[in-house]
Amino acid sequence: MKKWNLIVDVEKCENCYNCFIATKDEHVGNDFPGYAAPQPEHGHEWVKLHTFERGEMPMADANFMPTMCNHCDEPACMKVAENGAVQKRADGIVIIDPVKAKGQKQIVDACPYGAIYWNDDLEIPQTWIFDAHLLDKGWTKPRVEQVCPTFAIESVKISDEEMAGRAQREELRVLKPELGTKPRIYYKNLHLTDSLFIGGTVIDGKTDDCIDGAEIKLIKGGQEIAQTHSDCFGEFKFDGLPLQEADYQLEITHGGRSAKHECRVSSSAFLGLISL
Amino acid sequence: MRLETTLFGAVQALRLTALRFPEFKKRLREHDAVVQLKLADNSVGRYIEFRDGKISSRSGIHPAPDVSIFFKNKNIALKLLSPKQDFLFRIDAMKNFKMGMLGPDDLTVWVNELVSLAQSMWWKQGEDMGDGVTRYTNNTNGGPVNVFVKDGKILRITPIDFSDSDPATWTVKARGKEFSPPRRASVAPYAIASKSMVYADNRNLYPMKRVDFDPNGERNPQNRGKSGYERISWEEALTIVTNEFKRVKKDHGPGAIGLSHGSHHLWGNVGYYLSAMLRFFNNIGFTRVHHNPDSWEGWYWGAQHHWGHSMRLGIGEVTGQVEDILKECEMMVFWSSDPEATNGCYGAYEGTIRRLWAKELGVKFVHIDPHWNHTAALLKGKWIAPRPGTDPALAQAICYVWLTEDLYDKKFVADRTTGFDEWADYLAGKSDGVPKTPEWAEAETGVAARDIRALAREWGKRKTYLAAGGYGNGFGGACRTATGAQWARMMVMMMAMQGIGKPGVNFGNMQTGAPHDYSFWFPGYAEGGISGELAFTGAAVNAYQRIPLILSMNPVKQVVPRLQLPDAIIDGKAQGFFTDPTCKEGQFIPFFYPAPGHSPIKILYKYGGAQIGTMPNSNRWAQMYQSDSLEMVVSQSIWFEGEAQFADIILPACTNFERTDISEWCSAGGYGHQFFTQLNHRMIMMQHKCIEPLGESKSDYQIFLELSKKMGLGPVFSEGMCEIDWVKRIFDGSDVPDLISWKEFLKKGYVVVPPEKEELRAPRAYAWFYEGRKKDIPEPHPLPADYSGEWLEGLGTQSGKFEFIPNSLKKIDDPDRPALNRYIPSWEGTHTEELLSRYPLQLMSAHSRYSFHSMGDGKGTSLNDIDDHRLLVDGHYYWRARISVEDARSRDIKPNDLIRIYNDRGSVVCAALISSRVRPGIVHTYESSAVYKPVGKPGASTDIGGSVNILTNSRSQSRGSSSMGPNATLIEMEKWNPAMAEAAE
């Protein structure tokens with residue numbers, strides 16, 4: 001059985017909000033009986049953009065990520081829904097019935113991802129429906145994918161086994177896997193949102209020039225865990241380190257000269273100038 | 001008797017159309033009239049009687065027809081009555097009195113429309129998608145779109161994915177890989193938000209009159225912006241406006257009607273401001289509010305003197321860069337360049353995929369910008385954050401390193417440039433005692449000398465593209481500051497030192513230079529559309545021979561510089577300099593308001609979107625609108641936003657989704673020649689009328705036609721055509737019929753222009769100049785007289801070479817623009833110490849990312865919900881200001897706090913977005929708020945709408961130019977609470 005999944009590449013997301021706007025365009029003012037009642041004009045973020053800024057000038061970065069209904073295989077919302085208001089379709093898509101769900105605010109509260117919104121006027125829970133109403137009419141992809149300028153969003157309709165294989169090969173992750181909800185939205189390069197980097201600038205103590213090609217070793221608990229080289233601006237960066245407080249040592253060598261640097265970091269850090 | 005048959009056939013066509021189309025039958029009932037068609041000598045005639053919607057006709061001459069249409073002879077009549085029109089013949093017939101039309105405008109225009117509709121009503125438009133849904137197409141500033149319509153309402157607006165029937169896409173082979181763009185048109189967020197713009201809650205749906213404006217009594221100009229509005233009929237609105245036009249022309253003479261409009265409009269070639277608007281105003285005469293080249297500034301007033309390109313307003317050639325970058329480029333330096341925010345201009349995200357190719361190939365990226373901008377965030381790379389406005393010093397230090405370390409192209413400099421020795425002496429400090437060392441620049445710019453040296457060395461060693469401005473070879477916030485001309489001059493001087501045109505060395509950021517068919521012709525909007533205006537559009541260069549029109553001309557010679565419009569109205573005088581793309585020297589010629597023999601402006605006609613959110617020091621604009629020297633202010637606008645609140649009469653216009661038009665995506669034309677170079681595929685779009693105009697709104701064309709009818713100019717304006725006929729006239733005049741039939745085009749809605757054959761691709765920009773050949777770039781510039789040597793030989797400079805010390809600037813006396821481009825610190829920046837002590841922060845107001853200028857902003861659209869654009873606080877959507885962690889901390893500002901940013905010119909409340917992407921000491925925000933909402937007296941109180949340009953300086957970059965420098969603005973900020981609004985009252 002082939003089922004829908006969505007793969008989001010955090011590295012390619014540029015915060016353009018096209019997916020957010022397209023979802024509003026699709027649902028504000030439009031009623032799709034059996035799928036979704038109209039979205040309120042303002043306030044709902046069925047697709048929501050998140051910004052993750054790291055570091056500081058001159059070494060800062062910013063990464064972005066959309067979240068939406070995860071179309072979980074073990075949906076928390078379905079467990080609390082009454083009279084079958086939440087249905088899991090054979091193709092993997094979760095639909096909150098706009099009629100049956102009336103008054104069931106517990107559906108909103110049950111979502112561990114905060115992806116379900118309460119429509120005050122209609123008194124119903126609402127969320128992103130993977131454009132099931134369009135796919136059922138022969139569309140080949142949801143609108144969030146169609147409008148994405150960088151192909152950061154890709155929908156795939158494949159078997160669960162194929163998806164599991166792809167997730168493993170491409171190091172895809174889901175959000176909050178520990179909850180056992182089994183989301184169908186997968187993320188690539190999610191480390192850009194939940195890891196830290198350590199960076200710095202290697203300079204020549206005599207000439208004050210940037211040093212290109214210095215070797216830098218990153219050591220944690222006495223073990224070398226990574227190695228890199230400085231670029232023409234003397235800059236180096238170790239990325240993907242766990243987002244938790246830890247002590248690191250750095251050994252920097254170039255042209256027979258060397259230096260050591262120690263730091264304790266709990267978030268991304270630019271260590272400043274390291275002089276050789 | 002063929003003519004009699006033709007006349008009879010025309011009547012039958014009317015009858016058949018009435019039988020088939022109830023809408024047409026309705027139009028028939030609008031008037032009862034007898035219409036006579038005949039030869040001038042009465043030898044042949046047929047008259048048609050329209051009564052109660054019924055048509056009868058009879059051969060012969062009626063004794064007293066309401067409308068009489070006559071032709072000089074039979075041949076002329078047959079040609080003009082043929083369904084296939086030869087417009088050159090038709091124009092000739094009209095101008096030389098070979099035909100004529102007599103009767104009241106209401107009737108003549110109506111009859112012409114009936115004849116036109118009897119043909120066009122049969123044209124089937126859009127695709128039937130089943131379920132009662134029709135898919136139409138349209139075009140926007142942010143990309144072409146499909147529009148799904150059901151029951152007369154827009155259901156959804158989506159981008160266009162190509163089908164197999166669309167032509168093949170180009171491929172570039174480089175470094176062992178093949179690159180081919182996706183087969184689709186990308187879109188910007190404001191394009192996808194279009195439905196929410198159409199149905200916005202502040203649409204102007206009915207003509208309105210300010211309650212205390214009485215054209216026959218008290219006008220109360222002082223209450224503009226304060227008193228409310230009452231609904232009036234179109235008849236009343238049109239009568240008031242045209243009576244006033246006639247009155248001021250009679251009472252005051254030429255110049256009394258002033259026309260002001262924004263730099264852009266909703267997309268189209270018929271409904272655009274350079275088209276229908278100019279056609280109408282040329283016919284009544286107006287004082288032109290002359291636009292400074294707002295996006296080009298430093299390039300126009302500065303760079304062009306070194307390298308020509310006046311017809312592109314100083315920015316460079318645009319072909320071949322994509323292939324060259326993929327094959328050769330090793331490093332790309334983005335300098336004040338954020339194409340992921342600005343989309344180049346109109347280019348949606350077409351360049352994005354190409355930039356990602358460069359990343360895939362390992363091209364190094366450097367981003368010079370006080371803000372870690374959106375392009376930097378996507379591509380990553382080295383961040384260099386100078387203090388705003390100090391960029392020329394940074395550039396000079398880079399040149400100094402090249403000079404002292406032999407890292408420049410000496411052969412190119414020797415063979416292709418002039419004045420280098422004097423420039424080198426300046427860099428070395430020989431002429432002023434100050435060597436322009438990295439250390440000198442560090443003190444000025446705040447960028448470490450070692451970073452400057454490292455960048456200069458890498459640049460000198462690697463094949464480097466300079467991405468200057470969002471377009472890659474032009475524009476950029478750094479050209480819109482006090483030092484903007486210095487900066488743009490430095491950009492071209494740096495490229496001259498590096499030998500522009502050699503493989504891998506050029507201007508660009510992948511935004512321009514896709515391998516298109518550059519010879520396929522379709523007019524850009526600035527070719528003037530249906531205006532017939534030759535002097536102030538690109539028509540003379542690019543269009544008049546393809547789409548013949550009766551030329552129109554504004555006989556009023558009075559001009560007001562846009563930046564000084566408030567001075568002209570409030571103080572009664574102003575001086576400006578021309579934006580003249582025909583040559584480098586046109587810009588040196590000053591003009592004065594009022595012009596000799598002309599009336600001051602008595603009526604200000606404001607056309608299009610909000611401008612008060614885009615012009616510098618705009619409290620002055622609010623004050624201007626309340627001036628009693630303006631006897632009437634008209635706003636022809638779609639939304640009640642910006643300065644519409646100052647109008648006496650509001651004429652409600654509709655959006656491009658409610659009218660018909662035709663256009664090429666991202667094609668500006670005029671001095672935006674070949675803007676389509678930014679796309680992956682050239683696309684010509686039918687802009688279907690997807691839905692009926694909301695409320696009583698009308699298309700701009702229709703409003704001008706109605707006004708024309710009241711001025712006795714109805715047939716002169718319409719030439720007997722409807723909007724769809726103008727669309728067909730443009731279609732027929734272009735190369736599009738070579739690709740698709742009119743019938744298929746109307747149905748499908750778009751056509752993709754096939755890419756150029758690989759062997760015929762346009763050459764790499766400046767390769768001809770680098771190699772010392774005649775120019776072989778497909779552009780009709782410069783004008784032949786602008787070459788000093790042989791035609792096509794050299795650049796558009798006096799010497800034909802790149803001039804480090806421009807000859808054109810040697811001949812003028814502008815103290816702020818010396819021929820030697822020495823560094824002159826900003827007139828509002830780190831050197832203005834007294835001001836800096838009171839206002840220690842620098843304001844950057846960049847082009848907005850999520851709205852296209854004011855289009856899409858405010859209006860209750862879905863863009864309001866974008867957290868990076870506006871933030872909802874206590875029921876109001878506040879404009880965003882990005883501030884550094886450090887500056888927030890020292891002022892106790894927390895995330896999302898409301899802050900008041902202010903200086904002597906005014907104060908604006910924004911919502912703080914605290915960000916590590918901002919250099920401490922600056923506040924980064926966007927210009928172009930569509931909302932102006934003063935808490936007290938307009939023009940003299942705090943604005944909570946977000947029009948941050950209230951704070952910007954309207955001073956010209958240099959005294960001898962009309963160039964804005966809004967990014968040279970010092971401010972302070974503090975936490976704001978609504979109680980402060982009351983205190984400010």
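Me: Which residues of α5(B) are buried?
Reply: The buried residues of α5(B) are Asp105(B), Leu107(B), Thr108(B), Val109(B), Trp110(B), Val111(B), Asn112(B), Leu114(B), Val115(B), Leu117(B) and Ala118(B). Buried means 20 or more other C-beta atoms within 10 Å of the residue's own; exposed means 12 or fewer, partly exposed is in between, and C-beta atoms are placed from the backbone. Helices are DSSP runs of H or I with at least four residues, strands are runs of E with at least two, and both are numbered from the N terminus.

Me: What is this model, and how is it numbered?
Reply: It is a predicted model: local features need pLDDT of at least 70, side-chain atom pairs count only at pLDDT 80 or more, and totals for chains, interfaces and linings use all residues. Residues are numbered from 1 along each chain as its sequence is written, with chains lettered from A and ligands numbered from 1 in the order in which they are written.

Me: Back to α5(B). What span should its 16 residues have?
Reply: Helix α5 of chain B (residues 105-120) should span 22 Å at 1.5 Å a residue, and its end C-alpha atoms are 22 Å apart, which agrees. The expected span is 1.5 Å times one less than the number of residues.

Me: New topic. What is the strand order in the open sheet of chain A?
Reply: The order is β13-β10-β16, three strands with mixed pairing. Strands β13 (235-242) and β16 (269-275) are the edges, each pairing on one side only. Two strands pair if DSSP finds at least two bridges between them.

Me: How do β10 and β16 of chain A run?
Reply: Parallel, with five bridges joining β10 (residues 195-203) to β16(A). Ile203(A) stands opposite Ser275(A) in β16(A).

Me: And the domains of chain A?
Reply: Domain 1 covers 3-189 and domain 2 covers 196-275. These bounds come from an automatic or database domain assignment. Their centres, taken over C-alpha atoms, are separated by 39 Å.

Me: How many residues of each are in contact?
Reply: Four from domain 1 and seven from domain 2. Contact means C-beta atoms, placed from the backbone, within 7 Å. On the domain 1 side, strand β2 (residues 48-56) of chain A gives the largest share, three residues.

Me: What about the contact between chains A and B?
Reply: Chain B gives 41 residues and chain A gives 34. On the chain B side, α19(B) has the largest share, five residues.

Conventions: Two residues are in contact if their C-beta atoms, placed from the backbone, lie within 7 Å.
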